[in-house]
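Please look over the sequence and the structure shown below before reading on.

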Amino acid sequence: MNNTMADFGHELWFGAFLTPDAAGRRRLERQALLAEDLGLDILGFQDHPYQPSFLDTWTLLSVLAARTSRIRLFPDVVNLPLRPPAVLARSAASLDLLSDGRVELGLGSGAFPGGVAALGGPVRTPAESVDALEEAIGVMRALWTPGDGVHIDGRHYRLDGAHPGPFPAHPIGLWIGAYKRRMLELTGRLGDGWVPSSGYAAPSELAGMSAIVDAAAEQAGRDPGDVRRVYNVSGRFSGLAGGGFLDGPPKIWAEQLAELTFRYGMSVFVLAADDERSLRTFAEEVAPAVREAVARERPAASSTGSASSVEEGAPVAPPAVLATERGSVSVLDEATRPRSAKRDINALPPAQRANGQRLVLIHDHLRQELTQIRDALEQVADGQTDAESLRSLINQLTMRQNYWTLGTFCASYCRLLTTHHTIEDEHMFPMLTGAEPSLGPVVERLEQEHEVIAGVLTGLDAALVAMIEDPEKLDGVRLQVDLLADALLSHLGYEEEELVEPLARLNLGI
């Protein structure tokens with residue numbers, strides 16, 4: 001493995017780039033559903049409205065969003081000259097809401113000006129195309145930001161009091177297809193992602209292009225890691241290595257793609273393939289091998305893009321405690337939990353059974369408080385959704401006050417939860433293991449899970465601070481609340497299963 005590290009720690013995604021051939025639409029739908037069944041992360045489709053043999057990309061994305069439930073979708077990349085950005089912003093936000101946050105947006109300046117002109121689109125010079133793309137980004141982001149009517153008077157696009165909304169279910173990434181300097185610099189300054197294709201940017205060319213993106217990001221005061229690196233790739237699976245890029249067995253593919261992650265920060269690999277065998281090999285053999293290779297090289301618990309990673313600097317439990325399914329929202333591995341022998345609690349006198357039930361009552365209070373956090377979070381989310389009708393500064397300040405209220409309430413709950421776990425660790429657990437040493441493995445595991453939950457709480461606190469500074473970061477709080485709910489509810493259930501009966505039988509009060 002090359003020691004020159006440019007890995008930004010993003011979660012690795014693997015996807016399929018399928019040809020939107022109208023004549024092969026049934027095969028296309030079948031392969032899209034297969035991609036989801038195989039566990040691929042994202043589907044991309046080229047957008048060439050002037051190509052009469054292709055399905056309309058936005059219509060196709062909408063149909064597949066309804067037919068799937070997990071896989072992400074994006075135009076790879078959208079033909080901006082034929083997709084007015086104001087309408088595109090509303091379309092993308094609508095589809096993101098209807099798909100529960102599964103849309104990303106690849107943007108292109110229009111690679112075939114003759115085709116664009118044939119459909120009555122604007123004829124622009126290369127320089128004008130870059131300027132138009134920059135204006136379009138401003139238009140779309142303005143319409144995704146709560147506030148008053150938007151006024152933009154650009155050379156290529158203008159808004160005259162258009163009200164923002166609808167607002168996406170998650171921050172839609174604007175991934176820019178770029179190869180030349182001005183487009184690469186635009187990507188570094190404003191893009192959420194960069195989308196080159198191996199057919200136009202071979203691996204040997206990525207170093208120079210990446211350097212331009214990184215330098216532009218730094219000059220704009222951004223971290224280069226803020227730009228997701230998405231690589232459209234194609235190749236050939238064969239028994240022997242052919243010596244070229246992605247030409248050989250899956251092992252060679254995995255080594256080459258992992259190398260791109262470490263050299264250039266590539267974290268999304270989208271395979272151009274229209275045959276099911278290649279999709280299966282890519283999903284079942286290449287993707288797991290790349291993830292394993294990257295995980296071996298990355299520092300422990302440093303995957304900033306993973307939905308289930310513990311915050312850096314927070315207490316980290318032994319690996320057996322952490323979920324191995326890193327793509328889910330779970331942070332606890334339930335399968336490795338030790339279990340103790342149990343007796344029938346109903347055979348005990350009511351007074352003793354009540355001792356065990358006190359733990360459940362305490363936990364029920366925590367569950368109720370968690371429900372209140374979710375309710376408060378949804379109230380904030382509803383405020384964003386309704387923000388298109390909010391025009392005054394007072395209303396904006398009211399929304400800001402809603403964020404502070406959520407932060408204050410959640411901080412109180414975090415203190416309550418931390419106190420509860422401290423009492424268990426310092427008092428209840430020693431009593432239990434002292435009275436019944438066989439509970440030692442269970443108690444040790446519960447203490448380790450407390451460390452994991454403490455890390456999630458640290459992440460939630462950081463997300464709240466970020467949201468207070470930038471209200472658009474509500475989704476970061478939502479993610480951390482989901483992590484907390486998943487971990488806490490699982491942990492409380494495990495604790496009750498293992499401790500209610502011995503607390504009652506041993507007549508230990510808490």
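How many helices and strands does the protein have? There are 13 helices and 13 strands in the protein. The model is a predicted one. Of the 510 residues in the protein, 50% are buried. Among contacts between residues at least 6 apart in sequence, 75% join residues at least 24 apart.

**The nine-stranded sheet**

- Nine strands form an open sheet with parallel pairing, in the order β3-β2-β1-β13-β10-β9-β8-β5-β4.
- The edges of this sheet are β3 (72-75) and β4 (78-79), each of which pairs on one side only.
- Strands β4 and β5 run parallel and are joined by two bridges; within this pair, Asn79 has Gly108 of β5 as its bridge partner.
- Strand β5 is covered on both faces, with Leu105 and Leu107 buried on one side and Gly106 and Gly108 buried on the other.
- Two bridges also link strand β9 (residues 193-194) with strand β10 (residues 228-233), and the pairing is in the parallel sense.
- The bridge partner of Trp194 in β10 is Arg229.

**A hairpin**

- In which sense do strand β6 and strand β7 run, parallel or antiparallel? Strand β6 (residues 150-153) and strand β7 (residues 158-162) run antiparallel and are joined by four bridges.
- Together β6 and β7 form a hairpin, with four residues between the two strands.
- Val150 stands opposite Ala162 of β7.

**Two packed helices**

- Helix α5 (residues 126-143) packs against helix α6 (residues 181-190) at an angle of about 15 degrees, and the axes of the two helices are 10 Å apart.
- Because angles under 35 degrees count as roughly parallel, α5 is roughly parallel to α6.
- The crossing in which α5 passes α6 is right-handed.
- On the α5 side, the contact is made by Ala127, Val130, Asp131, Leu133, Glu134, Ile137 and Arg141; on the α6 side, it is made by Arg182, Met183, Leu186, Arg189 and Leu190.
- The residues of this contact comprise seven nonpolar and five charged ones, with no polar residue.

**Two buried loop residues**

- Where is Ser109 placed? Ser109 lies in the loop between β5 (105-108) and α4 (113-118).
- Ser109 has a relative accessible area of 19%, and because buried means under 20%, Ser109 is buried.
- Leaving aside neighbours within four places in sequence, the residues in contact with Ser109 are Pro81, Ser129 and Met183.
- Gly177 is in the loop between β8 (174-176) and α6.
- With 15% relative accessibility, Gly177 also falls under the 20% cut-off and therefore counts as buried.
- Not counting residues up to four places away in sequence, Gly177 touches Val77, Leu107, Met183 and Val195.
- Gly177 and Ser109 are 68 residues apart in sequence, and their C-alpha atoms are 8.0 Å apart in space.

How values were computed
Residues numbered from 1 in each chain as written. Predicted model: local features only at pLDDT ≥ 70, side-chain atom pairs only at ≥ 80, totals over all residues. Heavy atoms only, no water. Pairing = 2+ DSSP bridges. Axes fitted to C-alpha atoms, helices over the stretch in contact; angles between N-to-C directions. Parallel < 35°, antiparallel > 145°, perpendicular 65-115°, else oblique. Left-handed = near helix turned anticlockwise from the far one by under 90°. Contact = heavy atoms within 4.5 Å. Nonpolar A, V, L, I, M, F, W, Y, C, P; charged D, E, K, R; others polar. Buried < 20%, exposed > 50% of the residue type's maximum accessible area, 1.4 Å probe, protein only.
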